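Biologist: Could you take me through this model feature by feature, giving the general idea before the particular case?

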Amino acid sequence: MGLGLLFALVVIGLWVMTAYNRLIALKNQVANSWKQIDVQLKRRHDLIPNLVSAVKGAMDFEKSTLEAVISARNRAVTASAASGGVAQVAKAEGELTQALGRLFALSENYPQLKATANIQQLQEELTTTENKVGFARQLYNDVATSYNTAQQQFPTNLVAGLAKASPAELWAIEDAAERAVPNVDLKMG
Amino acid sequence: MTEPQNLFEQQESNRRRSFWLTVGFVLFFAWVGFGGDLAWYLMSRGPAEPGGPVPSPHTIPLVGFVATLLAGGICWYSWKQGPDRVLWATGAKEIFEPTSDAEQRLINVVEEMAIASGQPRPRIFVVPDSDPNAFATGIDPAHACVAVTEGLLRTLGRDQLQGVIAHEMAHVQNLDIRLMTLLAAMVGAIALMSDGMGRLVRYGNVGRFSSSGGGSGSSRGKGGMPLALVVLVFWLITLLLAPLVSRLLAMAVSRKREYLADATGVQFTRNPLALAGALEKLEAAAEPTHTITRGAAHLCIVDPSGGALSAQEGAVGDIFGSHPPIRQRIIRLKGMAYQWAKQTGAQTGA
């Protein structure tokens with residue numbers, strides 16, 4: 001009788017330990033993948049001035065579009081620095097993506113862009129940066145989802161309080177057009 | 001897809017299999033060594049003939065000790081140096097600083113896929129071969145290497161390259177690379193040893209047995225010789241079959257993994273059609289990948305022998321192909337794309 005009780009206690013104790021550790025591991029993964037997004041966003045922000053100065057000469061007439069890109073970029077930088085939470089960052093980055101999309105669409109009207117020597121390299125650089133942001137976001141959302149699922153499922157939810165687990169905010173994409181990673185093509189087809 | 005496992009189970013299974021592969025490898029060498037000693041002992045034993053040479057039984061199992069030690073050494077070497085040896089054998093060169101746009105693109109794509117899979121960025125190699133192919137090697141994700149041929153860089157578009165690299169990162173993540181690399185190293189070692197031992201038997205021991213025991217076979221103890229023959233025959237059979245069996249093992253182990261890596265890779269890129277397109281192009285390149293030898297065939301994304309076997313469907317391909325038929329893989333990928341389109345279509349439609 002006493003032995004049975006002891007056994008049950010040990011089993012429960014072991015289970016609590018495993019569940020707790022799993023939640024902590026997932027929590028750290030979420031934090032880590034958020035860091036990865038941060039790194040990639042910074043890359044993106046650093047690249048945009050280069051892009052603007054590269055196309056400025058050819059696209060002098062599109063001042064307003066270029067300015068929109070720059071101001072969207074600056075707002076995104078502020079949002080990242082303020083670390084105001086996933087929603088704000090996602091919103092600012094979404095606006096930046098849209099501004100970039102307009103710029104790329106307009107760039108099709110300027111065949112002379114193709115002649116610029118480093119435009120190909122810049123294009124590859126931009127493509128990979130956009131992809132990296134996209135994949136970092138995808139990883140973050142995947143990890144955050146499994147973290148959220150784990151802490152809400154029974155019986156792990158009983159330990160969630162102990163592990164100080166709270167649902168991680170997903171990086172939602174509101175705009176359907178933004179769902180697809182923007183197609184960076186400065187070459188005209 | 002064939003084995004509905006989660007990532008953790010895949011990793012566990014690969015760790016376990018790598019361990020047992022190593023154990024089995026040492027045991028096999030021990031058998032070859034000590035079995036040889038036993039056969040030698042049984043042959044050299046036997047009552048002394050009156051007037052004949054005094055038999056000096058082979059009592060110290062020296063071959064066994066040497067073979068076991070050697071196997072231990074090879075295992076240690078395979079774990080430490082396996083990936084480097086595999087890369088060395090293909091003549092792959094590591095890219096530190098990109099020297100061309102294509103190499104820059106490769107680095108970028110690998111970095112993208114490292115992010116998507118949540119793994120550290122692997123070391124990147126290019127194999128000087130005009131046939132498109134790719135493989136990954138390494139003992140763990142932190143020290144993984146991804147290698148592609150020059151032909152691959154030339155042939156594939158960016159999205160297709162991404163699909164191929166995602167497939168390789170899937171191998172890295174689920175620790176297939178460890179098992180595959182150890183297999184490559186050990187299959188090679190077994191083939192070598194079988195060769196060497198066979199030569200030793202042909203020119204060494206057997207010759208001595210027949211010359212010393214030739215005329216006196218009938219007068220030897222009746223219990224000794226048949227047993228000795230059975231052991232010897234059994235020993236020779238294992239020795240002769242070992243290279244074949246180990247290669248079949250390598251292929252069987254790799255075949256299922258390709259579907260799984262395709263599926264995991266698609267989870268990274270979310271773009272099944274790109275990988276399908278890449279596989280179509282790889283299939284169309286019928287020319288064999290010369291730099292990649294048979295021993296490392298199972299590491300590659302498509303069979304480097306020129307596609308003769310990976311085109312085979314049915315029993316022959318099932319037993320001898322190191323890869324599932326490419327057609328089947330493409331069909332599965334297109335199926336995924338269809339499912340995907342249906343799901344997302346339903347979501348936006350609602």
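Predicted model: local features only at pLDDT ≥ 70, side-chain atom pairs only at ≥ 80, totals over all residues.

Biologist: In what order do the 4 strands of the open sheet in chain B lie?

Modeller: Strands of a sheet pair through backbone hydrogen bonds, either parallel or antiparallel. Here the order is 1-2-4-3 with mixed pairing, where strands are DSSP runs (E, at least two residues; helices are H or I, at least four), numbered from the N terminus, and a pair requires at least two DSSP bridges. Strand 1 (93-94) and strand 3 of chain B are the edge strands, each pairing on one side only.

Biologist: Which strands pair with strand 4 of chain B, and in which sense?

Modeller: Strand 2 (residues 123-127) of chain B runs parallel to strand 4 over 5 bridges, whereas strand 3 (residues 134-137) of chain B is antiparallel to strand 4 over 4 bridges. B:V148 of strand 4 is the bridge partner of B:V126 and also of B:A134.

Biologist: Is strand 4 of chain B enclosed or open?

Modeller: A residue is called buried if 20 or more other C-beta atoms, placed from the backbone, lie within 10 Å of its own, exposed if 12 or fewer, and partly exposed in between. In strand 4 (residues 145-149) of chain B, 5 of the 5 residues are buried, so the strand is largely enclosed by the rest of the structure. B:C145, B:A147 and B:T149 lie on one side, with B:V146 and B:V148 on the other.

Biologist: At what angle do helix 5 and helix 8 of chain B pack?

Modeller: Two packed helices are described by the angle between their axes and the distance between the axes. For helix 5 (residues 158-173) and helix 8 (residues 272-284) of chain B, the angle is about 95 degrees and the axes are 8 Å apart. The axes are lines fitted to C-alpha atoms over the stretch in contact, with angles from 0 to 180 degrees between N-to-C directions. These two helices of chain B are therefore roughly perpendicular (65 to 115 degrees; under 35 is roughly parallel, over 145 roughly antiparallel and the rest oblique).

Biologist: How many residues does each chain bring to the contact?

Modeller: Chain B gives 10 residues and chain A gives 13, counting residues as in contact if their C-beta atoms, placed from the backbone, lie within 7 Å. On the side of chain B, helix 3 (residues 101-117) supplies the largest share, 8 residues.

How values were computed:
Residues numbered from 1 in each chain as written. Chains lettered and ligands numbered in written order. Contact = placed C-beta atoms within 7 Å.
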